[in-house]
Amino acid sequence: MVFILLGPPGAGKGTQGSRLAAEMGVPKISTGDMFRELAAQGTELGLKAKGYWSAGQLVPDDIVIGLVRERLAMPDCDKGLLLDGFPRTVPQADALGSLLADLGRDLTGVLDFALNDEELVNRLSGRRTCPKCTATYHVVAMPPRQAGICDACGGELIQRADDQPESIRKRLQEYAAKTEPLLSYYRERGKLHTVDAAPKPDAIYAEVRRAVGLDGAGK
């Protein structure tokens, strides 16, 4: 099975995707992790990609597609995989379709974790981070034992600049503008399954399992 995970920042697709990958026994592949892994292995494309991101530049599509091809050909993907953060555009989606066809595989489906903007702002603006050890908390959902102090190292927790409400809203607007064509692309092909990301995590995961057919009900 090959699934794509989509969703705005704060919707929980990373958490749910990791849980799904563990149950399915397949890798969850994010573009960032993939770039770092292949660069560490010293592959030609991995090192090219590293040159771009080290300079703060976007990695060109042709290199991204080449990296995805290399990663999908690895043995741990034989049983299936979850793609997190790729594709991001319709041209990338077209390229992924061609790549999967070349590998003799099909895209099983796309899970879009949907949540209204105000709830996303509430979730993200409540996030607090420890600059010393990078541990992350939430003032409501996962508060530290002592307010403002990291449980792990005792450092003072901060709110990152990009977790301020206005910054979050801007990011969400940019995400929606870039992603809507991609959602339409997969909706037209009957591949899109929208997951309500508002309930509690276990309820969300139950819907995810139904969507991918793990409970026998399928879509």
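Helix 1 (residues 13–24) lies across strand 1, strand 2, strand 3 and strand 4 (109–114), and its axis runs at about 165° to strand 3. Contact here means heavy atoms within 4.5 Å, while helices (H or I, at least four residues) and strands (E, at least two) are DSSP runs numbered from the N terminus. Axes are lines fitted to C-alpha atoms, for helices over the stretch in contact, with angles from 0 to 180 degrees between N-to-C directions.

This is a predicted model, in which local features need pLDDT of at least 70 and side-chain atom pairs count only at pLDDT 80 or more, though totals for chains, interfaces and linings use all residues. Residues are numbered from 1 along each chain as its sequence is written, and side-chain values use heavy atoms, leaving out hydrogens and water.

- Five strands make an open sheet with parallel pairing, in the order 2-3-1-4-7; two strands count as paired if DSSP finds at least two bridges between them.
- At the edges sit strand 2 (28–30) and strand 7 (192–196), each pairing on one side only.
- On average, neighbouring strands of this sheet are turned by 25° against each other, direction ignored.
- Strand 1 (residues 2–6) runs parallel to strand 3 (residues 81–84), and 4 bridges join them.
- Going residue by residue, Val-2 has Leu-81 as its bridge partner in strand 3, and Leu-5 has Asp-84.
- Strand 1 also runs parallel to strand 4, again with 4 bridges, and Phe-3 stands opposite Gly-109 there.
- Strand 4 and strand 7 are parallel too, joined by 5 bridges; one of the pairs is Leu-111 with His-193.

- Strand 1 is mostly covered, with 5 of its 5 residues buried; buried means under 20% relative accessible area, exposed over 50%, and partly exposed in between (1.4 Å probe, protein chains only).
- In a regular strand the side chains alternate between the two faces of the sheet.
- Val-2, Ile-4 and Leu-6 point one way from strand 1 while Phe-3 and Leu-5 point the other way, and all of them are buried.
- Strand 4 has 5 of its 6 residues buried, so the rest of the structure largely encloses it.

**The nonpolar cores**

- The largest nonpolar core holds 32 residues, and those with the most contacts inside it are Ile-4, Leu-67, Val-68, Leu-83, Leu-96 and Tyr-186. A core of this kind is a set of buried Ala, Val, Leu, Ile, Met, Phe, Trp, Tyr and Cys residues joined through side-chain atoms within 4.5 Å.
- Elements giving two or more residues to this core are strand 1, helix 2 (31–40), helix 3 (44–54), helix 4 (61–72), strand 3, helix 5 (90–102) and helix 7 (165–188).
- Helix 4 supplies the largest share of the core, 6 residues.
- Val-68 touches Met-34, Phe-86, Leu-96 and Leu-99, leaving aside residues up to four places away in sequence.
- A second, separate core has 23 residues, among them Leu-115, Tyr-205, Val-208 and Ala-211.

**Helix 8**

- Helix 8 (residues 201–212) has 12 residues and reaches 17 Å from its first C-alpha to its last, close to the 16 Å expected at 1.5 Å a residue; that expected span is 1.5 Å times one less than the number of residues.
- Its buried residues are Ile-204, Tyr-205, Glu-207, Val-208, Ala-211 and Val-212.
- Looking down the axis of helix 8, these buried residues fall within an arc of 160°, so they line one face of the helix; the arc is that of the directions from the helix axis to the C-beta atoms.
- Strand 1, helix 1, strand 4 and strand 7 are among the elements covering the buried residues of helix 8.
- Just after helix 8, Gly-213 takes a positive phi of about 85°.

**Helix 6 and Arg-123**

- The buried residues of helix 6 (residues 117–125) are Leu-120, Val-121, Leu-124 and Ser-125.
- Seen down the axis of helix 6, they fall within an arc of 115°, so they line one face.
- Strand 5 (127–129) and helix 7 are what the buried residues of helix 6 pack against.
- Arg-123 lies in helix 6 and is partly exposed, with a relative accessible area of 23%.
- Residues up to four places away in sequence aside, Arg-123 touches Gly-10, Ala-11, Gly-12, Leu-115, His-138, Ala-197, Ala-198 and Pro-199.
- Arg-123 and Asp-78 are 45 residues apart in sequence and 36 Å apart in space, C-alpha to C-alpha.
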